[in-house]
Amino acid sequence: MNGWKLIKPFKIERSDVEDKSGAVGVSKIKITKSLLTLSDVLAYDGEIEAENVVIGSFGVGIISEAGANLFEIEKGKRVFVEATRPCNECYNCMSNQPHKCSNLLVAGEDFDGFLRDFVSVDAESIYLLPDSITDVEALYIGYVSLALSIVDKLEIKKGEYVAIIGSDSLAVILAQLLIYYQAVPIIIGENKEELEIAKKSGIYYVFDIEDNYLKEVFNITGGRLAKKSVYISDSDISVSKAFAVSSFNASVAFTGTMNKNVTASFSQAVKKQLNIFCVNTGYGNTESSINLIANKAIDLSNLEIATAPYSDVPEVLSKMENELKETGKIHDTVINLV
Ligand SMILES: [Zn+2]
């Protein structure tokens with residue numbers, strides 16, 4: 001097996017990858033496409049701790065050797081491979097509640113990611129993809145699953161206003177999901193290109209943080225402000241903005257696709273007696289996400305996603321890193337492995 005391994009920050013090498021599974025009954029999957037996201041760039045530039053690991057946050061592929069317990073998923077079928085894994089060591093994992101794992105492991109950081117020719121995994125990590133889902137849509141299943149967890153935890157009701165601080169791909173996917181569940185998302189972001197994408201994706205209330213967003217939210221909600229808010233830590237917007245748009249006793253979800261450090265003052269949150277909680281995984285939602293995408297609940301066609309061949313990975317990462325430094329934003333990039 002061969003993959004792009006991050007040796008240390010800024011040093012990536014194409015090298016042999018040891019097949020660590022070694023277990024009986026695992027399936028071998030030929031990876032056809034992998035997605036490079038912000039997490040990969042932050043691993044590359046050393047902001048996220050990841051060394052001696054194959055990068056690539058998400059992957060889709062074709063079954064090349066079918067292992068045990070795959071049932072209808074046979075050789076040649078197109079599949080999505082779960083990108084997170086319970087630690088199997090914490091109290092909840094040991095108590096048979098892996099979905100509540102307190103140290104969930106992430107592909108490309110804690111274990112080898114998907115920028116490699118083959119992966120070997122257990123049947124429980126493999127999901128058959130219906131023909132109605134494209135490979136690129138499948139690479140966003142992880143984001144849709146995280147958005148679903150947020151919707152669940154916020155206990156969204158029909159007609160409710162939900163303020164989203166941040167305007168990246170996760171924000172756009174979450175907003176579309178909220179519309180699907182008949183809630184009313186209000187996106188507040190700072191990147192003009194992202195805000196345009198949000199509008200094109202069918203989100204009605206989209207505001208630039210430079211505009212008078214607070215007055216807008218006040219007017220839309222009839223002075224009540226948002227009873228539910230989501231703060232996406234991948235954005236560099238101050239947490240205080242999320243507290244500002246939230247009503248007294250509102251629920252505020254902190255989330256992000258990677259564990260970025262955020263500093264915040266909580267005086268406003270204490271004053272308003274906000275209910276703050278964190279969501280960092282969509283683990284367990286993969287099947288529901290596949291159904292939602294197949295039912296066209298989410299339109300990913302407006303996201304600006306770059307593509308590149310497998311041989312260009314070092315150049316792509318270095319370009320993404322530059323883009324992040326200069327604009328504060330990156331374009332997710334699909335790497336074609338075949
Ligand atoms: Zn665990």
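This is a predicted model: local features need pLDDT of at least 70, side-chain atom pairs count only at pLDDT 80 or more; totals for chains, interfaces and linings use all residues.
Which residues have the most contacts inside the largest nonpolar core?

Residues are numbered from 1 along each chain as its sequence is written.

The residues with the most contacts inside the largest nonpolar core are Val144, Ala147, Ala163, Ile164, Ile173 and Leu174, and the core has 93 residues. Such a core is a set of buried Ala, Val, Leu, Ile, Met, Phe, Trp, Tyr and Cys residues joined through C-beta atoms within 7 Å; a residue is buried if 20 or more other C-beta atoms, placed from the backbone, lie within 10 Å of its own. Helix α4 (residues 141-154) supplies the largest share of this core, nine residues. Helices are DSSP runs (H or I, at least four residues) and strands likewise (E, at least two), numbered from the N terminus.

## Domains

The domain assignment, automatic or from a database, gives domain 1 (2-140 + 303-336) and domain 2 (143-279). Both domains give residues to the core, so the core lies between them. Their centres, taken over C-alpha atoms, are separated by 28 Å.

Eleven residues of domain 1 are in contact with twelve residues of domain 2, contact being C-beta atoms, placed from the backbone, within 7 Å.

## Sheet

Three strands form an open antiparallel sheet in the order β2-β1-β4, where pairing requires at least two DSSP bridges between two strands. Strand β1 (residues 2-8) pairs with β2 over six bridges, and Trp4 stands opposite Arg14 in β2.

Methods:
Two residues are in contact if their C-beta atoms, placed from the backbone, lie within 7 Å. A residue is buried if 20 or more other C-beta atoms lie within 10 Å of its own, exposed if 12 or fewer, and partly exposed in between; C-beta atoms are placed from the backbone.
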